[in-house]
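Please read this briefing alongside the sequence and the model.

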Amino acid sequence: MENSNGAVAFLRRNIVFIVVIVGIVLLALSARILLGAFSGRAATPSPVPTLTPTPEPVVTITDIRAAAELITVEYQAVAEIQNERVPDDFRQYLGIREQILLLAYGDVKAGFDLSRVTEGDLWTDGARVQLHLPPPEVLSTSIDYEQTHAVYHRGTLFMDRDINWEGEIFQTAQDAIRQEALEAGILEDAVKSGQLYYENFLRSLGFTEVQVIVN
């Protein structure tokens, strides 16, 4: 009986010991597995993002010339023209003559002749650009014949109509309209318009340092 009790006690002690040993082994295996998994994750490098370089802005002479109409400034003017026609024969001594007072309306356009812009007038360096424009000029002068009218006209039956004289009157009116636009500063307005347009245009292409020079 005593032998049986001793055997049971011995068996219980061994079972506890075996359980403890098994537990230690399982813990060791679990720790090793976790450590391996952690080491694997730590060893895997994080992906490095690929940086795409920003392309440099590009502009050509063709791009510059395409804006010819966009930078044209227009001025509406009115001019008063007086003229007189006297016959070159004996009638001049009789006081025979034709007189006219004309109120002429017209439009004057000014801008740049961009066909004069060459490759040497456009310089770029990365995000920097410099553009040289030719001097502004009057591009056209036209008379508005619908608004233009004679304020005063004194004719005579003793003189025939002279087409050449009428043409001279309208040429004088056209010159006067052009001169009025010049005195009003149409060329200065063209300079400001051209510089402002091209500065905004070149910046829209990606240039950050922009200089537009009018020769």
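Contact, as used throughout, means heavy atoms within 4.5 Å. This is a predicted model, in which local features need pLDDT of at least 70 and side-chain atom pairs count only at pLDDT 80 or more, while totals for chains, interfaces and linings use all residues. Residues are numbered from 1 along each chain as its sequence is written, and side-chain values use heavy atoms, with hydrogens and water left out.

**Overall architecture**

- The protein contains 4 helices and 7 strands, where helices (H or I, at least four residues) and strands (E, at least two) are DSSP runs numbered from the N terminus.
- Along the sequence, these elements follow the pattern α-α-β-β-β-β-β-β-α-α-β.
- Of the 215 residues, 24% count as buried, with buried meaning under 20% relative accessible area, exposed over 50%, and partly exposed in between (1.4 Å probe, protein chains only).
- Among contacts between residues at least 6 apart in sequence, 81% join residues at least 24 apart.

- Leaving aside neighbours within four places in sequence, Ile81 is in contact with residues including Ile100, Leu101, Leu102 and Ile169.

**Asp121**

- Asp121 lies in the loop between strand S2 (98-111) and strand S3 (122-125), and, not counting residues up to four places away in sequence, touches Arg116, Gln130, Leu131 and His132.
- Asp121 is buried yet has no salt bridge, the nearest side chain of opposite charge, Arg65, being 7.5 Å away; a salt bridge is a side-chain nitrogen of Lys or Arg within 4 Å of a carboxyl oxygen of Asp or Glu.
- The side chain of Asp121 reaches the backbone nitrogen of Thr118 at 3.0 Å.

**Gln147**

- Gln147 sits in the loop between strand S5 (137-143) and strand S6 (149-154), and counts as partly exposed because its relative accessibility is 43%.
- Beyond its neighbours within four places in sequence, Gln147 is in contact with Leu103 and Tyr105.
- The C-alpha atoms of Gln147 and Gly106, which are 41 residues apart along the chain, are separated by 8.6 Å.

Technical notes. Lys and Arg count as positive and Asp and Glu as negative; His and the chain ends are not counted. A polar contact is a pair of N or O atoms within 3.5 Å; within protein, one must be able to donate a hydrogen and the other to accept it, and residues adjacent in sequence count only if both atoms are side-chain atoms.
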